[in-house]
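Take the points one at a time and find each residue as you go.

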Amino acid sequence: MTLHLRPARTAARRAAQAVAALGAATLLLTACGSDSASGKSSGDEGGKADSASSATRTVKDATGKAVEIPAQPKRIVTLTQEDLDAVLALDLKPVGITNGQGLDEPPAYLADKVEGIDVVGNLLQPVMDKVVAAKPDLILAGDMQDEQVLKQLREITPATLVTMAPTDDWKLFFRGVGNAVNKLDDANKFITGHEAAAKAAGEKLGANKGAEVSIVRWNPDGPSWMENKQFASGVALEMGLKRPASQNKDGNAHTPSLSLEKINEIDGDWLFLSTLTSDGEKALKDVQSKPAYKELGAVKNDHAVTVDGSVWSTRGGPLAADAVLKDYVEALSAK
């Protein structure tokens, strides 16, 4: 398996980037120019079609860069699974995609929606010849920070957008993509529907209503629990679920890997476990035979649930949020 993972975001890095990044992301939502056509209509139907196809808008991406893009993009290439998730949620089908985080194939939860779409590389690692072959009129470049790669992409089409800043949550990011593809109203409707569904689901959990859920990614060198603003935790809080006292921390990342001596920090009423690599999966399997793991309250109560790390341990997206919600409901409604 070929692995291409984003580097962990440390607290220091988040603090240094928070103000500028959030401001830049807000620009993506609000700073769009009026539509403009590159040519005048001739008055007949063909002229109207040509004018419509050449209409453009100017938006600012997540870095604050002004970018001219098609008013109605037809050939979208996505370079992250979050971009792919967002585009699919808006009922658009891209012409090129990349493999999922930590995967050498598209993410499984989107597999039925991407059948037949060309894969143009791995996460944030596009193969330029394949991108060229896709003939994109809009490239959604996720949180791409490699300026050399961005330069190459912009030579393929100037309509290349960085869609995520380091501190963006999935809703802010999704609204930005919605704005970029001229479907901001649809993005807002999706978010409203998701929030209502999460709240309603949380009310129906019976004995598990308001339960404390521990959200953990198991790495090769130990477990990391997710902070409150991290994607899967956000879904839990929308449902009225709580985090264990040791995990009730603001932030949108995960802790450094914990030693076995600190394994009690991952305990809760329920324990949701994910991995992103084969080494992490092996490490989790190894620790599950150790007394320290078996003594966790969630484990003794048979409340430890394994979930898909390529969904739970990512930046998140609208369809991923619904998938995580479904996982919570299936686990917490069962007992």
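1. Let's start with one residue, keeping in mind that this is a predicted model. Is Thr56 buried or exposed? Thr56 counts as buried because its relative accessibility is 14%, and the cut-off for buried is under 20%.

2. Where does Thr56 sit? You'll find Thr56 in strand β1, which covers residues 56-60. Now look across to Glu68: it comes 12 residues away from Thr56 along the chain, and the two C-alpha atoms are 6.4 Å apart.

3. Time to zoom out. The protein chain contains 13 helices and 13 strands. It has 335 residues, and 52% of them count as buried. If you take the contacts with a separation of 6 or more, 66% come from residues 24 or more positions apart.

4. Next, find the largest nonpolar core, which has 55 residues. Phe174, Leu241, Phe272, Trp312 and Tyr328 are the ones with the most contacts inside it. Which helix gives this core its largest share? That's α13, with 8 residues. Apart from this core there is another one of 18 residues, including Val77, Met128, Ile139 and Val149. As background, nonpolar side chains tend to be buried together in soluble globular proteins.

5. Have a closer look at Trp312. Leaving out residues up to four places away in sequence, Trp312 touches Ile215, Gln230, Phe231, Ala232, Phe272, Ser274, Val307, Val324, Asp327 and Tyr328.

6. On to helix α13, residues 318-332. Its 15 residues reach 21 Å from first C-alpha to last, close to the 21 Å expected at 1.5 Å a residue. Which residues of α13 are buried? They are Pro318, Leu319, Ala320, Ala321, Val324, Leu325, Tyr328, Ala331 and Leu332. When you look at that list, remember that an α-helix has 3.6 residues a turn, so residues three or four places apart point the same way.

7. Last, a helix pair. The axes of α6 (residues 170-180) and α7 (residues 184-203) come within 7 Å and cross at roughly 155 degrees. The cut-off for roughly antiparallel is over 145, so α6 is roughly antiparallel to α7. On the α6 side, the contact uses Trp170, Lys171, Phe174, Arg175, Gly178 and Asn179. On the α7 side, it uses Leu184, Ala187, Asn188, Phe190, Ile191, His194 and Glu195. Sorted by class, this contact has 6 nonpolar, 4 polar and 3 charged residues.

Key. Residues are numbered from 1 along each chain as its sequence is written. This is a predicted model: local features need pLDDT of at least 70, side-chain atom pairs count only at pLDDT 80 or more; totals for chains, interfaces and linings use all residues. Side-chain values use heavy atoms; hydrogens and water are left out. Axes are lines fitted to C-alpha atoms, for helices over the stretch in contact, and angles run from 0 to 180 degrees between N-to-C directions. Helices (H or I, at least four residues) and strands (E, at least two) are DSSP runs, numbered from the N terminus. Angles under 35 degrees count as roughly parallel, over 145 as roughly antiparallel, 65 to 115 as roughly perpendicular and the rest as oblique. Contact means heavy atoms within 4.5 Å. Ala, Val, Leu, Ile, Met, Phe, Trp, Tyr, Cys and Pro count as nonpolar, Asp, Glu, Lys and Arg as charged, and the others, Gly among them, as polar. The expected span of a helix is 1.5 Å times one less than its number of residues. Buried means under 20% relative accessible area, exposed over 50%, partly exposed in between (1.4 Å probe, protein chains only). A nonpolar core is a set of buried Ala, Val, Leu, Ile, Met, Phe, Trp, Tyr and Cys residues joined through side-chain atoms within 4.5 Å.
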